[in-house]
Amino acid sequence: MSVSRIAILPSDVADRIAAGEVVERPASVVKELVENALDAGATAIDIEVREGGRQWIRISDDGSGMSRDDATLAIARHATSKIRDAEDLVGVKSFGFRGEALPAIGSVSHLTIESAMEDGAGVRVEVSGGTLRGVHAAARRRGTTVTVESLFHNTPARQKFLRGARSEWRAIAELLHTIALVRRDVRFTVTHDGKEQLALPPAPDLVSRVAALWGADAADRFVPVNDVQGIVRVAGLVERPTDVGTGTRRVLVTVNGRAVRDIGIVRAAEAAYHSTIPSGVRPAVLLQLEIPGTEVDVNVHPAKAEVRFRDRWTLERAVERAVRRALGTEESAAVVGMVRHVPAALPPLGQPVGIEMLRQPMPAAPAPLFDHDEPAGPAHDVELAGDVDAAIVVPPLFQFRRTYIAFERPDALVLIDQHSAHERVLYERFLHAFEGGALPSQRLLFPLTLHLSPAEAEVFESEQEALTKLGFEGEAFGGHSISVQSVPAPHPRFDAERCLRETLAALTGDRAPSAHARHTRLIATVACKAAVKSGDILSGEEMRALYVALARTTLPAHDVHGRATILQLGWDELDRRFGRR
Ligand SMILES: Nc1ncnc2c1ncn2[C@@H]1O[C@H](COP(=O)(O)OP(=O)(O)OP(=O)(O)O)[C@@H](O)[C@H]1O
Ligand SMILES: [Mg+2]
């Protein structure tokens, strides 16, 4: 007699296995239940948790509620009110659509659903270990309360994988923060072990929710992103470059209102910080993407934590550009006094400007000590190339400690670090030249001969092509010597030999992962070595030229190492310190 070795699993076993995919830990239960409440149109959701959710979770909402029949049906597998057929999956707007969360939770806990479609008559459905234990009438207000007790009581293996209550609670809190950021229209209260943890009224915008969750200081660290490119809309908040690395790093990406884990989008946002922050530190980013539903598949992950895009590349580029623009706005705000036509830096009508601008509207300019409207003279000292942009008004500039250039704006005293600023200017110019051809170089009457270390000679050889693009033309001859015929001429003080030597020395032992990264590093190094140094006395003309050139860069507020080029001390602050107010 042959014994069949394969058998169809009983449905309760199958349910428990499936439950493992949706319900991993208490935080997943909270996620499913809160999403159900949101799908039901709730405007207020109360979340109560005990012992990190291991013992007890209760979610109450004021949403649509369920009829007696629906509440009973809801615990059956694949019972959903949200889609009817496969086509509805395309562009599905609700969080849920699989009809598996409640049955999955019910199969691994004691689950009670109390619900009413209007105040008064309601129903209570009880399930334990996947079995319906009772359906009773229960009076209550409109909405639904779902209680989950003794999670995983019947799956000891899974229970063993749970962390301590504190750790499970942290996961729940983190999840709730994410949801609260996404659904700012909803009031949330959260208690853990009887202590109120969060009480969030509806918030008008993301900044307010951030402030309510993490404090006003945290909200101040961000600049708003708001950009539409083709079919992609990118909104949200990104950390100001000067603040990156100094606080908790928070990351949130939502796609059409759904929080997702997507490292590609985060990386794209980070790429936008390129050269404004030191490498290795990572910015906080809260990004909300809107794309047509047909462009994204949300049904690829058991807990819907990941999505698949039809055109990831376009999306990531859109994110990068949006963030870049946001940072540009921020920096324009920081150097707003440098540009006469401020509106060029403003986002489209109705969109928030940099937080800083919102908080401190620019006071009317005080009577200037000198004539601020005097246009910049021709810039031929620091900056050889280019005529001066008439839109840029150069205020009187003063050099201090052979290092800083100071000037005043209506709301602040501003200091520029001459080296960092010049480095930023040259970096952008070199980068531009590098991408678009070669930089004008100067043929030397007598070629320079440089004796290098073996490692430096190796750098020279491997980077020869890139160096040529930057204006250093030369060739190796015997041993470790090179002969240089042409050098770039970014400004009259430029010491080509020293720059090349220092660059080659700086790049020895540099193992950049890609050609792109290597070139960027090379350009940044040349820019750094080519820039005027602290200790150089600058003439008035040179300072003015530097000011104008800096104002015309895309990221004026940071040098290539991510250090600030500009600092400002508000008159308010100064007045306060002098006890004037
Ligand atoms: N808080 C609630 N208020 C009103 N109806 C609810 C609530 N929770 C669940 N339901 C109803 O129960 C059904 C089943 O919920 P369940 O979470 O199991 O599936 P789903 O949300 O449709 O899909 P998914 O498994 O993807 O979450 C829902 O489709 C909805 O009709
Ligand atoms: Mg659901």
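This is a predicted model: local features need pLDDT of at least 70, side-chain atom pairs count only at pLDDT 80 or more; totals for chains, interfaces and linings use all residues.
Thr144 touches Ile59, Ser60, Asp61, Gly65, Met66, Ile113, Glu114 and Ser115, leaving aside residues up to four places away in sequence. Is Thr144 buried or exposed? With a relative accessible area of 7%, Thr144 counts as buried, because the cut-off for buried is under 20%. One of its neighbours also meets it through a polar contact: the side chains of Thr144 and Ser115 come to 2.8 Å.

Strand 2 and strand 6 run antiparallel and are joined by six bridges. In this pairing, Trp56 stands opposite Glu149 of strand 6. Strand 2 (residues 56-61) is mostly covered, with five of its six residues buried. Strand 1 (residues 44-50) pairs with strand 2 as well, again in the antiparallel sense and over six bridges. Here Trp56 is the bridge partner of Arg50. Strands 1 and 2 form a hairpin with five residues between them, and in the turn Glu51 has a positive phi of about 50°.

The pairings of strand 2 look like this:

| Strands | Sense and bridges | Bridge partners |
|---|---|---|
| Strand 1 and strand 2 | antiparallel, six bridges | Arg50 and Trp56 |

Now to the nonpolar interior. In soluble globular proteins, nonpolar side chains tend to be buried together. Which residues touch the most other members of the largest nonpolar core? They are Val34, Ile45, Ile47 and Phe188, out of 61 residues in that core. Helix 6 (residues 165-182) supplies the largest share, 10 residues. Contacts of Ile45 beyond four places in sequence include Val34, Leu38, Ile59, Val186 and Phe188. A second, separate core holds 34 residues, among them Ile83, Val244, Val253 and Val323.

Ala496, Cys499, Leu500, Thr503, Leu504 and Leu507 are buried in helix 15. Why do these residues lie on the same side of the helix? They cover an arc of only 125° around the axis, which puts them on the same side of helix 15. The buried residues of helix 15 pack against strand 19 (441-451), helix 13 (454-462), helix 14 (464-469), strand 21 (481-488) and helix 16 (515-530). Just after helix 15, Gly509 takes a positive phi of about 75°.

Key: Residues are numbered from 1 along each chain as its sequence is written. Chains are lettered from A and ligands numbered from 1 in the order in which they are written. Side-chain values use heavy atoms; hydrogens and water are left out. A nonpolar core is a set of buried Ala, Val, Leu, Ile, Met, Phe, Trp, Tyr and Cys residues joined through side-chain atoms within 4.5 Å. Buried means under 20% relative accessible area, exposed over 50%, partly exposed in between (1.4 Å probe, protein chains only). Helices (H or I, at least four residues) and strands (E, at least two) are DSSP runs, numbered from the N terminus. Contact means heavy atoms within 4.5 Å. The arc is that of the directions from the helix axis to the C-beta atoms. A polar contact is a pair of N or O atoms within 3.5 Å; within protein, one must be able to donate a hydrogen and the other to accept it, and residues adjacent in sequence count only if both atoms are side-chain atoms. Two strands pair if DSSP finds at least two bridges between them.
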